[in-house]
Amino acid sequence: MEKQKLRSEIDDKYKWDLSSIYKTDEEFLSDINKLHSKINNIKKYENTIMDNAENLYNCLKLECELSMQLDKLHTYAHLKEDEDTTNTKYQKYYGLVINLYSEYSKVTSFITPTLMKYDYKKINEFYKELPKLKDEFEFVLYDIYRSKKYILDENTEKALSHLSKAFDNSQEVYSLLTNSDFTFDNIQVGDKEVELTDSNYTRYLTSKDRMVRKSAFDSMYKTYKKYKNTISKCLSNTVESNVAISKLRGYKSALEGELYSDNIDVKIYDNLINSVSNNLEPLFKYYDLKKKLLNLDELHIYDIYVPIIKDNEKTYTYEEAKDLILKSLNILGDGYINDLKKAFDEKWIDVFNNKGKRSGAYSSGSYLTKPFLLLNYEGRLNDVSTLAHELGHSMHSYYSCKNNPYQYHGYTIFVAEVASTVNELLLDNYILNNSNDKDEKIYILNNLLELYKGTLFRQTMFAEFERDIYNDVENGEVLESDYLSNKYYELNKKYFKNSVILDDNIRYEWERIPHFYYYFYVYKYATSICASTYIANEILNGNEEMKDKYLKFLSLGGSMYPVDELKTLGIDMSDKNIIENTISYFNKILDEFEKLNK
């Protein structure tokens, strides 16, 4: 068995270089101490912030400066901790930064409530008095005042703030219950009896042995069924709390309240669900093909995750992955490629796994640092795709920071997955167009089908379930376990129709979805892949104007509302054609996949 390497055994050329943040730990600790005293400087504006335009401007500038420094400290501490989680020194450093964030939050908490005591006319007067206030902070101040009609009186806001931890208790109970307390029946795998866990469930659900798949499925949901009343209470408490707060603030619905922060119309959410759920035939066609390729008389719900192709055994060195990605993204132009090369030349990337390293992959940085990437690269095609994906995030961050002041550099979650998915799609299409390996092409097409099935169709089904249960509570319904389970089962009937046998236990799957506690989050995965598909296909079809608009889009950061950012690309997320074109693309991939598999 290959032994996991220590970090010291990894060649330095494959490690990120964090010295551009702090050359030594002593520099980091010195900045921690300096910031402690700096943070308190903002207190002098607590009773004077609205005395004149200069005070407001200076207070906002100081807030940005403090936040910038905090983000830099956080980036260093969490990256150092993640490269080797067994190193307790950096665990402590990370804790120091979190404590600073808490201190910062307390001393700056007066800013928005104080602004809310004044009419926006006062701000307009300040703009005339000090033009640079408008030049640098107009969008920030407009966005704060946009929510003024939903801000409650000071005592109520303070009470809600104190109760926020209590509102989160249901999610914490759910997390503890499902992650710590659950045990599942053992299952038979070959001649061995193995313990089923939430982490190894996917491995057995994708087994080529159908009895293993069925056993894993039954064992998983037998346990969830046993706790359906407790989990339904956790979810209903979360929903009821969010509904109550949205009503208290004066929103028409909880959905409107959650979407309001990004200035997103409820019509966009509804358009996604209507456009997808009215065009499910390609998804049914996909399941019918899967049943055929698996040579099954019936396709059960526990069969839908088993691979229908053989594993792609081809591997790629990290250098080959780099070369492949640069070639596939060359279509975006020399400027983009030259900037992308900085990720490799300036050592933004921590490539290989080592003992204690954080699992998975991510892109993370701050306004004052480079956008670093953590990988656990193993040489599979999926690892190449992951590198392309995370580089998409990093380039989005790089351009956002380069082209905006601090207060406008941060883009929202609604557009966060666009750049990363565009990179994936450009990579996949490059391989499809340049590979002579039929198995490699089949593997790519299958990955694309799984991507759209999981991101567009499945996340939209979750979004529909979430919207409906909130509507039900707002109409006086009680979310007890059988009600939730029956509603979820009926929704599965809609999204699987006659193509898949719905084993009864699938009605408890809603209990396994932690995203339902994140409050209208999942739909963003689906809208992002629709936007990404539109952008990638336009670029691949030679639309130079789209390429230029896309590069400008990467530079917008948070200077506009996310829906308006997408409109600069000609993408209106309230237009059903954007969604339907994505479904048509899924259907096109399916036809190519079927043709190659004949």
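Biologist: Which helices do the buried residues of H14 pack against?

Modeller: Bear in mind that this is a predicted model: local features need pLDDT of at least 70 and side-chain atom pairs count only at pLDDT 80 or more, while totals for chains, interfaces and linings use all residues. Residues are numbered from 1 along each chain as its sequence is written, and side-chain values use heavy atoms, with hydrogens and water left out. Helices (H or I, at least four residues) and strands (E, at least two) are DSSP runs numbered from the N terminus. With contact meaning heavy atoms within 4.5 Å, the buried residues of H14 pack against H19, helix H20 (481–496) and helix H24 (576–597).

Biologist: And which residues of H14 are buried?

Modeller: Buried means under 20% relative accessible area, exposed is over 50%, and partly exposed lies in between (1.4 Å probe, protein chains only). By that rule the buried residues of H14 are Pro 282, Leu 283, Phe 284, Tyr 286, Tyr 287, Leu 289 and Lys 290.

Biologist: How far does H14 reach from its first C-alpha to its last?

Modeller: H14 has 13 residues. The expected span of a helix is 1.5 Å times one less than its number of residues, which gives 18 Å here. Close to that expectation, H14 reaches 18 Å.

Biologist: Which side chain makes a polar contact with the side chain of His 300?

Modeller: Leaving aside neighbours within four places in sequence, His 300 is in contact with Arg 210, Val 500, Ile 501 and Asp 503. A polar contact is a pair of N or O atoms within 3.5 Å; within protein, one must be able to donate a hydrogen and the other to accept it, and residues adjacent in sequence count only if both atoms are side-chain atoms. At 3.0 Å, the partner of His 300 is Asp 503.

Biologist: How many of the 22 residues of H17 are buried?

Modeller: Helix H17 covers residues 381–402, and its end C-alpha atoms are 31 Å apart, which agrees with the 32 Å it should span. H17 is largely enclosed by the rest of the structure, because its buried residues number 18.

Biologist: Tyr 519 has a positive phi; what is its relative accessible area?

Modeller: Phi of Tyr 519 is near 70°, in a residue other than glycine. Tyr 519 lies in the loop between H20 and helix H21 (523–540). It counts as buried because its relative accessible area is 15%.

Biologist: Last one: what radius of gyration does the whole protein chain have?

Modeller: The chain comes to 24 helices and five strands, and buried residues make up 52% of its 598 residues. The radius of gyration is taken over C-alpha atoms, and the globule rule is 2.2 Å times the number of residues to the power 0.38. A compact globule with 598 residues would come near 25 Å, which agrees with the chain's value of 26 Å.
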